[in-house]
Amino acid sequence: MAVIVWVCKICGEAYISTNDKPARCPFCGAYEKYLVDSKEYDDTGDWDVELNEIDKANVEKALGVEISNTLFYRCSAKKVKEIDGKKLFKILAKVEGEHASVWEKILKLDKIKWEPSETCEAEYKADLEDSHAREERAINFYGEAATAAKNPRVKEIFQAFIQVETDHLHLSEERLK
Ligand SMILES: [Fe+2]
Ligand SMILES: [Fe+2]
């Protein structure tokens, strides 16, 4: 059984596992197709992208969305009483935080200080509904941004994140049934 360093082409993070490729990146949630053996990984150009005015505006807006959602999930992970809710919102906060750092890297920003200003409810169902609305808004906006994107790397990230946020949508949908 070979031990492999898998690298995610979307977020650039690496982790060690065996032959079996996991179905999702454990950091940003990108789908299997974006995971490569580190021996085949080449990040030339991935973090040095030319942004036209539209792409730059959309990436900045996306960063705002991801920061807002990260803070919301951190808040709800703390406030809800249910263990499933705590685990769900905590991992969602981590994934959305990873998305924010991808956009920060694309914008070549230093780690910016986030104001912890998002509010949330202490009630699980209310936070699931808010989560659903947030993910739906993100998916719609990312769809528009992916279509408008001139830069292929920016388009690729928006497309990958649409899939990830759709996973998140299913997580709340299943619990709201
Ligand atoms: Fe990733
Ligand atoms: Fe996200």
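## Asp48 and its partner

Asp48 is exposed, with a relative accessible area of 57%; by the cut-offs applied, exposed means over 50% relative accessible area, buried under 20% and partly exposed in between, for a 1.4 Å probe and protein chains only. Asp48 forms a salt bridge with Lys108, the closest N and O atoms being 3.1 Å apart. Asp48 lies in the loop between strand 3 and helix 1 (53–79) and Lys108 in the loop between helix 2 (83–106) and helix 3 (124–148), so the pair ties together parts that are 60 residues apart in sequence. Helices (H or I, at least four residues) and strands (E, at least two) are DSSP runs, numbered from the N terminus.

## Basis of the model

This is a predicted model, in which local features need pLDDT of at least 70 and side-chain atom pairs count only at pLDDT 80 or more, while totals for chains, interfaces and linings use all residues. Residues are numbered from 1 along each chain as its sequence is written, chains are lettered from A and ligands numbered from 1 in the order in which they are written, and side-chain values use heavy atoms, with hydrogens and water left out.

Cys11, in the loop between strand 1 (3–8) and strand 2 (14–18), and Cys25, in the loop between strand 2 and strand 3 (35–37), link distant parts of the chain, 14 residues apart. Cys11 is buried at a relative accessible area of 0%, and Cys25 also counts as buried, at 3%.

## Further salt bridges

The count comes to nine salt bridges, each a side-chain nitrogen of Lys or Arg within 4 Å of a carboxyl oxygen of Asp or Glu. Among them, Asp167 and Arg24 meet at 2.6 Å, N to O. Asp167 lies in helix 4 (residues 152–176) and Arg24 in the loop between strand 2 and strand 3, so this pair ties together parts 143 residues apart in sequence.

Within helix 4, Arg153 and Glu156 are three residues apart, about one turn of the helix, and their side chains form a salt bridge of 3.2 Å, N to O. Arg153 is buried at 6% relative accessibility, whereas Glu156 is partly exposed at 24%.
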